[in-house]
Amino acid sequence: MSVKALLSDDNKQLTIKVDGRFDFSLHTDFRGAYKDLNLANGEFIVDLSATEFVDSSALGMMLLLKEFAESGGSSVRIKTPRPEIREILMIASFDKIFKLE
Amino acid sequence: MLSVPQVLLVDDDPTNRVVLKHQIKKLGYTYIEACNGVEAVELFRNHPFDVVLMDILMPEMDGYQATRIIKELSHGFVPVIFLTGLTDDSALARCIESGGDDFLTRPYNHLLLKAKLESMLRIGRLYKQVEFQKNELNWHNARMQQENSVAQKVFANIIESDMESMYPGLKYSMSSMSMFNGDLVLAELNQSNGIDILVSDFTGHGLSAAIGSIPVADTFRTMTRKGFAFTEVLVEINKKLLRILPTNMFMATALISIDRVNQVVSVANMGLPDIYLCRGQKVIHSFSSQNLPLGIAQLSSHSLSFEMQTLMLDDVILAATDGVMEAQNSAGEFYGKQRIVDSIEKSDSQNDLFGNVLNGCVSFIGSSKQNDDITLLSVQHKQDELVPQEHQDTSRHEPAEWSMHFYLDAVNLRRFDILPYILQGIKQLQSIPGTGSELQTILTEMYANALDHGLLKLDSRLKHTPEGYMEFYNERSRRLAELQEGNIQIIISHQLREQGGGRFTLHLYDSGDGFDVKQVRAALETNKTPYGRGLALIEQLSTRVQFLGKGNAVMVVYDWE
């Protein structure tokens, strides 16, 4: 499991990619990926394409990211989760508060 | 450790001792001398030492023997350095075997002696530091365990209640992965002769997850007992959680409300896995999550989604937290939805459906580690009499005479549900023996009739089909929100009775068109309609029921002793 962050060339988009298990052990890494970034009116993308598992603390981390993003006028998009991960996001109705691809 | 290190100097040769004393003094240490092993052991018993310099060949008791005893006597680490003229490997090996920590061969090199003493003292200090920290940790650990167990008791007192005996057909099992459970099950009898059940799962587990359950339990119990609709209760709980929980914490929850008057179950699922309605060992409906978990965003009773289904005798509603779905076996597989459904379908009867699913999950996990709180709950629809609840006020007020009158116009009716407040008012004025729930049920049904049929002109025949209940409810919400005119008046009076006890007289008027009482009565008697149960219930529970005027006024008498 790992967290990789990639800032786009125009500094408007930060993609955070989480591989493997997305759980509490990634707490510091996930927060560290964006906390020092000043991204006004941009977009955060949580790329879950290689994520195998999310637990409720991962959902909590995404809520923290959302709060952080919105305070700077940015939005959060959740990108390409696998079907089983999508189901968990849907159970939590995250499609209502995130852009979910 | 003493401020100046103290050395125990053991040697039978006075000349050797003189040389060593001189060197120890130069290093600024203090010392006590011993001429043989016996003396050394005796001194060691009575004085604190930081290091021992030990000769090997001595009368009475040699250095090996003395070292073995000293090592047994030591609390903590007191290094022993052997002083020896012997240089063969086997003698040196014996030094270490007998418990010695180092050795120095004669003739002594002054610098080497200094270095060895300092290094041994350093190890001694390190050892003492570790020992001290270990004790401190043990102490903190013991204190924390004690505080935890006290907190656990307080927590249990707040959260737990004997729910299975409260309601026929209710079963649940909770297995927490740490001392405090982040899952929560609460139940309270509701105004519809049924029960409202809250099954919840906080983010994470342990103390931080458990702490949020206290305000939830408090709000749920108080409001449900007072007769608030579950939608209002959820809105209030959400408001509280939104205020107290940090952003990354929330509560996935489901509220199961069983209405035994209308034989219908309502489920609002907010982030829990599917909740199953089972009939004859078949899942006939899944209540899927349609809302955000609580504690994330604002919620109003209008924006809350829930589903209704009609209930038949012995139907089972089964709910689980995600700990059940995500329970892992030794191969790392999840228990998952399909295994739950399989367990349901493989049950011999509705009665052992709960046990089957639970056992299935437990044996699936086997000996692998539980990694989340696991909660499973089922409620089987039965028509047994309810047992009066302890919490309800059993004290009796001396009967008194009073009356109250409410006039509610369309604005009031639209704005909020006044019934819980009226019920609370009655309780304050006149608590009666038993639960008082009969009176509550009567008034609730009378009010529902006046509002739903009198003013909102809803047709109960909508409830003919299972989907109809939901349609009925939605239509009711829509019409109520648009209600512009009309009013309801409620007059409740209480008189003393000569033989003791008292008589409640409840009058309800609505400004609607009324209804044909005879026709409804006839329908009730001739066939088992899925509607009109409210009226039947009022008649059953009360002393007397009389419809007045064109059916838009009703008087109900309820006597108590």
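Predicted model: local features only at pLDDT ≥ 70, side-chain atom pairs only at ≥ 80, totals over all residues.
Local features need pLDDT of at least 70, side-chain atom pairs count only at pLDDT 80 or more, and totals for chains, interfaces and linings use all residues. Residues are numbered from 1 along each chain as its sequence is written, while chains are lettered from A and ligands numbered from 1 in the order in which they are written.

**View 1. Strand β3 of chain A pairs with β2(A) and β5(A).** Strands here are DSSP runs (E, at least two residues), and helices are H or I runs of at least four residues; both are numbered from the N terminus. Two strands pair if DSSP finds at least two bridges between them. Strand β2 (residues 13-22) of chain A runs parallel to β3(A), with 5 bridges joining them. A:Lys17 faces A:Asp47 of β3(A) across this pairing. Strand β5 (residues 75-79) of chain A also pairs with β3(A) in the parallel sense, over 5 bridges. There, A:Ile45 has A:Arg77 as its bridge partner. Of the 5 residues of β3(A) (residues 43-47), 4 are buried, so the strand is largely enclosed by the rest of the structure. Buried means that 20 or more other C-beta atoms, placed from the backbone, lie within 10 Å of the residue's own; exposed means 12 or fewer, and partly exposed lies in between.

**View 2. Chain A touches chain B.** The contact takes 12 residues from chain A and 15 residues from chain B. Helix α2 (residues 56-71) of chain A supplies the largest share of the chain A side, 7 residues. That side has 6 nonpolar, 4 polar and 2 charged residues. Nonpolar covers Ala, Val, Leu, Ile, Met, Phe, Trp, Tyr, Cys and Pro; charged covers Asp, Glu, Lys and Arg; the others, Gly among them, are polar. Residues are in contact if their C-beta atoms, placed from the backbone, lie within 7 Å.

**View 3. Strand β9 of chain B is buried along its length.** In β9(B) (residues 251-259), 9 of the 9 residues are buried, so the strand is largely enclosed by the rest of the structure. In a regular strand the side chains alternate between the two faces of the sheet. One face of β9(B) holds B:Met251, B:Thr253, B:Leu255, B:Ser257 and B:Asp259. The other holds B:Ala252, B:Ala254, B:Ile256 and B:Ile258. Strand β8 (residues 195-202) of chain B is antiparallel to β9(B), with 8 bridges. B:Ile195 stands opposite B:Ile258. Strand β10 (residues 264-270) of chain B pairs with β9(B) in the antiparallel sense over 6 bridges. Here B:Leu255 is opposite B:Ala268. β9(B) and β10(B) form a hairpin with 4 residues between them, and B:Gln263 in the turn has a positive phi of about 55 degrees.

**View 4. The largest nonpolar core has 104 residues.** A nonpolar core is a set of buried Ala, Val, Leu, Ile, Met, Phe, Trp, Tyr and Cys residues joined through C-beta atoms within 7 Å. A:Ile16, B:Ala254, B:Ile256, B:Ile275 and B:Ala319 touch the most other members. Helix α2(A) gives the most to this core, with 7 residues. A second, separate core of 27 residues includes B:Leu443, B:Tyr447, B:Leu455 and B:Val556.

**View 5. Five strands of chain B form an open sheet.** The order is β16-β17-β18-β20-β19, with antiparallel pairing. β16 (402-409) and β19 (544-548) are the edge strands, each pairing on one side only. Strands β18 (residues 502-510) and β20 (residues 553-560) share 8 bridges. B:Gly502 stands opposite B:Trp560 in β20(B).

Definitions and conventions. Contact = placed C-beta atoms within 7 Å.
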